[in-house]
Amino acid sequence: AFCLLSSLAILFIGFAVFTDLFRPQEMSGYDWLMRMRPAQGASPEIVIIEISDDTLKGLGAWPLPRDYHAALVKALSESGCRMVVFDILLSEPGAADERLAQEMRSFGRVYLPCAFRLRPKRLGPKEVPPASEVLAGVADTLMPAAAGIGHINIFIDSDGKVRRIPLWVNYKGKLFPALGLLAAKRYLGGAARKIPLDYRGALWVNYP
């Protein structure tokens with residue numbers, strides 16, 4: 001009887017893991033933990049330059065001409081900024097790409113994003129999420145001037161919230177790091193640190 005109960009328990013646990021039976025409870029529990037945790041202040045070394053509705057009213061419709069981005073990179077470089085990370089996709093060629101590339105090369109520490117179409121697949125413990133195609137890359141003129149390129153893919157849970165990001169994406173055998181991971185590694189330097197991931201090779205986002 002004990003062996004039978006043990007076997008049934010193992011089968012049930014395997015079924016629950018494989019089918020994500022308790023995923024809603026896990027997500028709700030994670031949200032509760034994030035709400036209950038002590039407040040965490042943002043690092044004073046990180047500054048977010050937002051493109052808001054006021055920006056578009058003052059500078060024109062989206063997308064902004066890239067000479068604005070070039071002027072921004074130059075101003076940040078002259079202000080002593082240590083690195084610049086764009087989280088807007090610059091995949092299509094633009095009229096001011098040469099100027100932007102020149103400012104990027106001059107600064108030497110500008111990081112750009114790309115985005116992939118992830119292939120739906122259940123992953124093993126050490127597998128990297130595979131991508132079937134590039135949804136948005138980096139314009140040819142800008143790519144050589146970038147200090148690094150990282151992906152901005154996310155995993156959207158069944159309730160529509162974003163709690164996880166894949167730290168790596170495998171596209172045609174080449175591994176692309178998440179843009180945030182790439183920037184953090186270049187900024188912090190030092191030895192590699194172990195980062196706990198879930199079964200999809202994703203990091204649970206530490207969000208309020």
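The largest nonpolar core comprises 18 residues, of which Phe86, Leu100, Met104, Val110, Leu112 and Leu142 touch the most other members. At least two residues of this core come from each of helix H4 (66–78), helix H5 (97–107) and strand E2 (110–118). The highest contribution is that of H5, with four residues. The model is a predicted one.

Leu142, one of the residues that touch the most other members of the core, was examined for its contacts beyond the local sequence. When neighbours within four places in sequence are set aside, Leu142 is in contact with Arg66, Leu90, Asp97, Leu100, Ala101, Met104 and Leu112. Among these partners, Leu100, Met104 and Leu112 also belong to the group that touches the most other core members. Another core, of six residues, lies apart from the largest one, and its members include Cys114, Phe116, Ala131 and Val169.

Three aromatic pairs are present in the structure. In one of them, the ring centres of Tyr30 and Trp204 are 4.7 Å apart and the ring planes are at 55°, so the pair is classed as tilted. This pair links distant parts of the chain, with Tyr30 in helix H2 (residues 23–36) and Trp204 in strand E9 (residues 202–204), 174 residues apart. Both Tyr30 and Trp204 are buried.

A tilted arrangement is also assigned to Phe116 and Phe176, because their ring centres lie 5.0 Å apart with the planes at 55°. Phe116 is located in strand E2 and Phe176 in strand E8 (residues 174–177), so the pair ties together parts that are 60 residues apart in sequence. Phe116 has a relative accessibility of 3% and therefore counts as buried. For Phe176 the relative accessibility is 15%, and this residue therefore counts as buried, the cut-off being under 20% relative accessible area. Through ring pairs, Phe116 and Phe176 are joined with Tyr171 into a cluster.

At the surface, a nonpolar patch is formed by Leu5, Leu8 and Leu11, which together have about 330 Å² of accessible area. Leu8 is placed in helix H1 (residues 2–19). With a relative accessibility of 48%, Leu8 counts as partly exposed, since the exposed class requires over 50%.

Technical notes. Residues are numbered from 1 along each chain as its sequence is written. This is a predicted model: local features need pLDDT of at least 70, side-chain atom pairs count only at pLDDT 80 or more; totals for chains, interfaces and linings use all residues. Side-chain values use heavy atoms; hydrogens and water are left out. Patches are made of residues with over 30% relative accessible area and no salt bridge: like charges are joined within 9 Å, nonpolar side chains (Val, Leu, Ile, Met, Phe, Trp, Tyr) within 5 Å. Accessible areas come from the Shrake-Rupley method with a 1.4 Å probe; for residues, only the protein chains shown count as cover. A salt bridge is a side-chain nitrogen of Lys or Arg within 4 Å of a carboxyl oxygen of Asp or Glu. Buried means under 20% relative accessible area, exposed over 50%, partly exposed in between (1.4 Å probe, protein chains only). A nonpolar core is a set of buried Ala, Val, Leu, Ile, Met, Phe, Trp, Tyr and Cys residues joined through side-chain atoms within 4.5 Å. Contact means heavy atoms within 4.5 Å. Rings of Phe, Tyr and Trp (its six-membered ring) pair if their centres lie within 6.5 Å; planes under 30 degrees apart count as stacked, over 60 as edge-to-face and the rest as tilted.
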